[in-house]
Amino acid sequence: MNEYRIALAGNPNTGKSTLFNALTGLRQHTGNWAGKTVSLAQGNVEYKHKTFHLIDLPGTYSLFSNSTDEEVARNYIVFEKPDVTLVVLDATSLERNFNLALQVLEMTKNVVICINLIDVAEQQGIQINERLLTNRLGVPVIKISARNKKGFPLLLDTIDRIVTGAIECNPAPMTYPPMIEDKIKLIEPKVRELVGNEISSRWVSLRLLDGDETLLNEISKRLVPEEG
């Protein structure tokens, strides 16, 4: 099988859709998410005898299901399991954008951090050490300019190497204050019984501690077999 699904996540105004459009060109179409009013853009990129199906997720600041957009983006990453998730960040406001990136890294393993608008950042005198970030985060970090198609060959090559297993992503685990870590230890075994290896039991445990009921509903709908 030479077809792979690549999800694009990012805050609004990071150039995520610019990247999607630049990569897919005219090979794209728009529909609606099942049962939702949120539009879904999909497109294809051909690379080294492979087809990458790109899915442009709604732009969101977090994945905590505070809105339909957030829920749609979160559910796609967690339950549809794209082969790679690209998280698009704005190079000129990395600190604010990293909130979403760190959330994605807790949810899924195969992640590429795309630092977009790198040309604008350099004009502002902002220097970004992507190698240091790669080492710290445990996943590839690539500087791009979606508008100028700068960094695209490296980005496509990195996606290719992840799907073929040449690059292994090992996201650095986020650690929380001891009180939260103790609670995670307490409930994670029970969560694992429920979700198995389908999704990250640690991430689900965190969401339960947050009281995320929409996630519970989604899990029971998708993962818990119906009594028959």
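Which elements are included in what covers the buried residues of H1? The cover of these residues includes S1, S2, strand S3 (39-47), S4, S5 and helix H6 (152-163), where contact means heavy atoms within 4.5 Å. The model is predicted, so that local features need pLDDT of at least 70 and side-chain atom pairs count only at pLDDT 80 or more, while totals for chains, interfaces and linings use all residues. Residues are numbered from 1 along each chain as its sequence is written, and side-chain values use heavy atoms, with hydrogens and water left out.

Helices (H or I, at least four residues) and strands (E, at least two) are DSSP runs, numbered from the N terminus. In helix H1 (residues 16-24), the buried residues are Lys16, Leu19, Phe20, Ala22, Leu23 and Thr24; buried means under 20% relative accessible area, with exposed over 50% and partly exposed in between, for a 1.4 Å probe and protein chains only. Just after H1, Gly25 has a positive phi of about 60°.

The open sheet has seven strands in the order S2-S3-S4-S1-S5-S6-S7, with mixed pairing, two strands being paired if DSSP finds at least two bridges between them. Its edge strands, each pairing on one side only, are strand S2 (28-32) and strand S7 (141-143). On average, neighbouring strands of this sheet are turned by 25° against each other, direction ignored. Strand S5 (residues 84-90) and strand S6 (residues 111-116) run parallel and are joined by six bridges, and Val87 has Ile113 in S6 as its bridge partner.

| Helix | Lies across | Angle |
|---|---|---|
| H2 (residues 68-80) | strand S1 (3-10), strand S4 (50-56) and S5 | about 145° to S1 |
| H3 (residues 94-107) | S1, S5 and S6 | about 165° to S5 |

H2 and H3 also belong to what covers the buried residues of H8, together with elements including helix H7 (178-195) and helix H9 (213-222). In helix H8 (residues 201-209), the buried residues are Ser201, Trp203, Val204, Ser205, Leu206 and Arg207. Gly211, which follows H8, has a positive phi near 75°.

H2, H3 and H8 are the elements that give two or more residues to the lining of the largest pocket, and the largest share, three residues, comes from H3.

Methods:
Axes are lines fitted to C-alpha atoms, for helices over the stretch in contact, and angles run from 0 to 180 degrees between N-to-C directions.
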